[in-house]
Amino acid sequence: MRDVIIIGSGPAGWTAAIYAARANLAPLVIASQVEIGGELMNTTEVENFPGFPEAIMGPDLMAKMQQQAERFGTEVAYDDATELDLTGEIKRVTLGSGAVEEARSVIFATGSAYRKLNIPREDELSGHGVSWCATCDGFFFREKEIAVVGGGDSAMEEATFLTKFASKVYLVHRRDEFRASKIMQKRALENDKIEVIWNSEVAELQGASGLTGVVLRDTVTGDTRELPLDGLFVAIGNDPRTHLVHDKLELTSDGTIAVDGRSSRTSVPGVFAAGDVVDPTYRQAVTAAASGTVAALDAEHYLAALDDAEKAVEEAVPAA
């Protein structure tokens with residue numbers, strides 16, 4: 001019987017493991033078979049994570065987090081959680097191998113996935129001109145011409161933020177009106193660096209080792225044209241990875257796992273959530289890591305309370 005199982009191996013999962021392991025809880029991290037490390041595994045230089053003034057590659061950062069967690073006794077299972085039984089005091093996690101792991105508490109830190117354009121070479125050019133995070137990568141496009149794809153608040157915010165760096169920002173939208181809030185639209189449309197390309201979608205990515213441009217398709221006429229670019233930011237939303245807990249945990253209107261205030265406590269006692277799976281707003285590595293800290297401390301306090309309650313019951317029963 002384990003004290004804690006952590007599902008997810010991004011910044012939230014590894015940070016929770018570091019704290020849980022240092023509290024002698026001997027956590028097991030379900031790290032996945034194919035998506036170990038989360039979205040940072042697809043990121044090149046990370047310049048905004050504290051402690052790395054010279055920047056660090058995303059995969060290297062995740063490797064260091066894992067090494068730190070394992071140093072304190074974290075066990076890692078390179079498998080996927082396929083089914084959860086969160087009822088009762090003992091939680092059960094079924095793995096792809098068929099094995100069932102049991103624990104008194106579970107930390108759910110599966111993160112979120114950026115929605116993609118689903119066009120050829122999108123993954124290949126990720127980190128080489130194609131990005132899903134303006135905060136992460138905008139700095140690399142100083143005085144460059146770039147484009148943002150999307151029509152919601154996130155796209156407006158990304159485009160406006162990127163004008164701090166880029167010389168020109170095209171805002172590509174497949175319809176003739178935005179779905180973003182009026183204030184966000186106003187902010188973007190009044191920016192001299194932003195030019196909107198209506199009724200258009202990205203049909204093709206150009207460039208060998210890095211992005212040099214895109215082919216745009218008119219969604220009304222079907223006509224195509226080339227647009228030279230140094231960077232493309234995809235801002236069409238993201239989806240929290242909550243498929244395992246549908247009908248098991250309470251969710252918010254954003255589709256993230258609902259937690260109690262600033263804590264990580266979910267609607268089920270003994271189940272905690274951390275990282276992007278509870279955060280529809282910030283979605284940064286450092287905020288996910290901080291959230292992992294909260295989850296580990298909450299789990300530690302929960303387990304200590306269970307132990308105190310069991311001890312009190314034992315002491316209340318007269319010796320035979």
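Start by selecting Glu195 and Lys168, whose side chains meet in a salt bridge, 2.9 Å from N to O. The term means a side-chain nitrogen of Lys or Arg within 4 Å of a carboxyl oxygen of Asp or Glu. Glu195 lies in strand E13 (residues 194-197) and Lys168 in strand E12 (residues 168-172), so this pair ties together parts that are 27 residues apart in sequence. Glu195 counts as partly exposed, because its relative accessibility is 35%. For reference, buried is under 20% relative accessible area, exposed is over 50%, and partly exposed falls in between, using a 1.4 Å probe and protein chains only. Element labels follow DSSP runs numbered from the N terminus: helices are H or I with at least four residues, strands are E with at least two.

Before moving on, some housekeeping. This is a predicted model, so local features need pLDDT of at least 70 and side-chain atom pairs count only at pLDDT 80 or more, while totals for chains, interfaces and linings use all residues. Residues are numbered from 1 along each chain as its sequence is written, and side-chain values use heavy atoms, with hydrogens and water left out.

**Stop two: the open sheet**

Stay with E12 and E13 and bring in their neighbours. They belong to an open sheet of 5 strands with parallel pairing, in the order E10-E17-E11-E12-E13. Strand E10 (130-131) and E13 are the edges; each has a single partner strand, so one side of each has no neighbour in the sheet. Pairing here requires DSSP to find at least two bridges between two strands. E11 and E12 pair in the parallel sense over 5 bridges. Select Ile146 and you'll find Val169 of E12 opposite.

**Stop three: helix H4**

Now colour H4 (153-162). Its buried residues are Ala155, Met156, Glu158, Ala159, Thr160 and Leu162. What lies over them? The cover includes H3, strand E11 (145-149), E12, helix H5 (182-189), E13 and strand E17 (231-234), with contact meaning heavy atoms within 4.5 Å.

**Stop four: the second largest pocket**

H4 also takes you to the second largest pocket, where it gives the most to the lining, with 5 residues. The volume is about 780 Å³. Besides H4, strand E9 (112-114), helix H3 (134-137) and strand E18 (238-240) each supply at least two lining residues. By class, the lining has 11 nonpolar, 9 polar and 10 charged residues. Here Ala, Val, Leu, Ile, Met, Phe, Trp, Tyr, Cys and Pro count as nonpolar, Asp, Glu, Lys and Arg as charged, and the others, Gly among them, as polar.

Points are joined across faces, edges and corners, and the volume is the space filled by probe spheres set on them.

**Stop five: Asp276**

Next, pick Asp276, in the loop between strand E19 (271-273) and helix H6 (285-316). Asp276 is buried, at 15% relative accessible area. Leaving out residues up to four places away in sequence, Asp276 touches Gly111, Ser112, Thr256, Arg283, Gln284 and Ala288.

Finish at E7, which has a covered face of Lys91, Val93 and Leu95 and an uncovered one of Arg92 and Thr94. Strand E6 (residues 81-85) runs antiparallel to E7, joined by 4 bridges, and Asp85 stands opposite Arg92. These two strands form a hairpin with 5 residues between them, and Gly88 in the turn has a positive phi of about 80°.

On to E8: E7 and E8 are antiparallel, joined by 4 bridges, with Thr94 opposite Val100. Their hairpin has 4 residues between the strands, and Gly98 takes a positive phi near 100°. Show the side chains of Arg92 and Glu102 for a salt bridge at 2.9 Å, N to O.

How values were computed:
On a 1 Å grid over the protein atoms alone, a cavity is a set of points where a 1.4 Å probe fits but cannot get out, and a pocket is an open set with protein on both sides within 12 Å along at least five of seven lines; lining residues have an atom within 4 Å of a point.
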